[in-house]
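Hi,

Here is the structure I promised to pass on. Have a look at it first, then read my notes below.

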Amino acid sequence: MEPDGKPFFSIYINAEAGQNGRDTYPIWLKTELSDEEQKYKDDEAELGRFTALTERINNFVENEADPSANGIAIFASLGEGDYFEVVQLDVPFPESRFHSSDRPHIFPLARAVHENPRYAVLWADKNKADIYVFGGETRIRSDVDAQSKVESIENEVTSGTSAGGWSQQRFQRRRENFALQHAKEVVAELEEVMKKYSVEHLIIAGDEETILPVIKPELSKPLEDKLIGSVSIADYQSEDEIREKTLDVVTTEMATLQMKEVERVNDATKAAAKLGTLGVEDTLRALANGQVEELVIASNIDSIDYSKKKIKKILKEYEPGDDTAPTDATVNVSDAAEIADQLVMRAINTAAKIMFVKDDSLLEDAGGVGSILRFNMNAQAGG
């Protein structure tokens, strides 16, 4: 959407319950809305629109918000389009923030989504398996229960009944056959779930001695490539317990990937082909040209450093010739949040991948921004 000169609100809410188990954000939100209302007290028409919008926001928070959501983002405009959009996430935003500008502030939302990628957890025991998909806006669960025939084998064989001679050998074979068949069925279901929901990371969980050794050999090559770790969990009580016990594996994996990706950017920038950029200025220009394959950007907006003069020049160079937006709708180059939004927005609009880097030191010398390029403009021109 293009700015129309009217105020646009981006409201990020950390909806985690407080120490007493209750939501604390409604009081914060009412305070922010009250402070914002003061800006329109001299304009009756604008004040009326803001009052109506405030009622709509409060109604959503009080009556429609998902109680299980830990992060809520509300985007709303005082413009004629009556824009109102809400995103509810399983993960919280680091802090609640009320952002008023002439355009959406999307950086915190993009960061929350990309820093918390979808990952699947396969938990299995001898008789059943549960598949969870965490990350994104929803949780997904798929149960893989043993069939009645298999259950009867489990009752007879896997309960540990003692038998001697040939009978014990037969029972052992039936136990192994059951485990193998169970593993094959579970893996087949897992592949379908991960494909359906575009999941790129996998963790398997179960008893370390009896289940994991049976499941791992049955993983296909694509699943092996997505496997980032395993966790020994013989039993669990809730989805939250599964998520809590596997989140450390995901966090460690993401930190490793971020470090490797920054190294890749550095190498690509130094290579003769020049298929990388370091710095806000060069990366913004490459994004404007549609060159960027992957944007690598610091999670902390305060780490994004650039030359205001150079950024203003680049934005001017790539300004649409038929731009009909109001003259005051230009990007404020003094606001790092708006520049961060520009980078993320242009990456999304050109189908570039985005990786947020939590460790500020990794991109410190590059002003917090770099990229991998699809092609080099100079190389193409020379060819």
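This is a predicted model: local features need pLDDT of at least 70, side-chain atom pairs count only at pLDDT 80 or more; totals for chains, interfaces and linings use all residues.

Residues are numbered from 1 along each chain as its sequence is written, and side-chain values use heavy atoms, with hydrogens and water left out.

Back to aspartate 130: its side chain makes a polar contact with the side chain of tyrosine 236, at 2.4 Å (a pair of N or O atoms within 3.5 Å; within protein, one must be able to donate a hydrogen and the other to accept it, and residues adjacent in sequence count only if both atoms are side-chain atoms).

Now for the charged pairs. There are 14 salt bridges in the structure (each a side-chain nitrogen of Lys or Arg within 4 Å of a carboxyl oxygen of Asp or Glu). One of them joins glutamate 36 and lysine 39, at 3.1 Å from N to O. Glutamate 36 is buried, at 5% relative accessibility, whereas lysine 39 is exposed, at 58%. Aspartate 102 and arginine 103 form another, with their closest N and O atoms 2.9 Å apart. Here aspartate 102 is buried at 16%, and arginine 103 is buried too, at 14%.

Cheers

How values were computed
Buried means under 20% relative accessible area, exposed over 50%, partly exposed in between (1.4 Å probe, protein chains only).
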